[in-house]
Amino acid sequence: MTKARDRLGNLTKEDINFPKHLTPEIVHTALYIHNAPSKEDVIKRSEYMAKQIGGEAMTYAMALLVL
């Protein structure tokens with residue numbers, strides 16, 4: 001059985017061939033950082049998410065924020 005967070009409507013991550021730089025994890029990370037209420041929170045959230053998703057994924061999330 002699939003976890004609820006891995007579901008996309010009736011689809012799962014395995015049903016969709018996301019490019020590695022546009023997975024829901026990357027987009028959600030960028031939005032989480034973008035929606036921080038202060039610059040201090042941006043730094044804290046960036047450091048936290050870098051530990052959670054790793055360097056390569058964090059690079060993609062930061063690239064989305066630059067756009």
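## Exercises on helix α3 and its surroundings

Helix α3 has twelve residues, and from its first C-alpha to its last it reaches 16 Å, which is close to the 16 Å expected at 1.5 Å a residue. The exercises below concern a predicted model.

**Exercise 1.** Determine which residues of α3 are buried, and where around the helix axis they lie.

*Solution.* Start with the accessible areas, taking as buried a residue with under 20% relative accessible area; in α3, this applies to A57, M58 and A61. Next consider their directions around the axis: they cover an arc of only 100 degrees, and therefore sit on the same side of α3. Then turn to the face of the helix that points away from this buried side, where the exposed residues G55, T59 and V66 are found. Finally, look for the partners of the buried residues of α3, which pack against α1 and α2.

**Exercise 2.** Identify the residues of the largest nonpolar core, and the elements that give two or more residues to this core.

*Solution.* The core consists of seven residues, namely I26, I33, M49, I53, A57, M58 and A61. Assigning them to elements shows that α1 (24-34), α2 (39-53) and α3 (55-66) each give two or more residues to this core, with the largest share, three residues, coming from α3. One member, M49, can then be followed through its contacts: when residues up to four places away in sequence are not counted, M49 touches T29, Y32, G54 and M58.

**Exercise 3.** Find the salt bridge of the structure and describe which parts it ties together.

*Solution.* The structure holds one salt bridge, and it is formed by K20 with E56, whose closest N and O atoms are 3.0 Å apart. K20 lies in the loop between β2 (11-12) and α1, whereas E56 lies in helix α3, so the pair ties together parts that are 36 residues apart in sequence. As for accessibility, K20 is exposed, with a relative accessible area of 56%, while E56 is partly exposed, with a relative accessible area of 47%.

**Exercise 4.** Examine R45: is this residue buried or exposed, and which side chain of opposite charge is nearest?

*Solution.* Begin with its place, which is in helix α2. R45 is buried, yet it has no salt bridge. The nearest side chain of opposite charge is that of D41, at 5.7 Å, and this can be set against the limit of 4 Å that a salt bridge requires.

Notes: Residues numbered from 1 in each chain as written. Predicted model: local features only at pLDDT ≥ 70, side-chain atom pairs only at ≥ 80, totals over all residues. Heavy atoms only, no water. Core = buried A, V, L, I, M, F, W, Y, C linked by side-chain atoms within 4.5 Å. Buried < 20%, exposed > 50% of the residue type's maximum accessible area, 1.4 Å probe, protein only. Helix = DSSP H or I, 4+ residues; strand = E, 2+ residues; numbered from the N terminus. Contact = heavy atoms within 4.5 Å. Expected span 1.5 Å × (residues − 1). Arc of directions from axis to C-beta. Lys, Arg positive; Asp, Glu negative; His and termini not counted.
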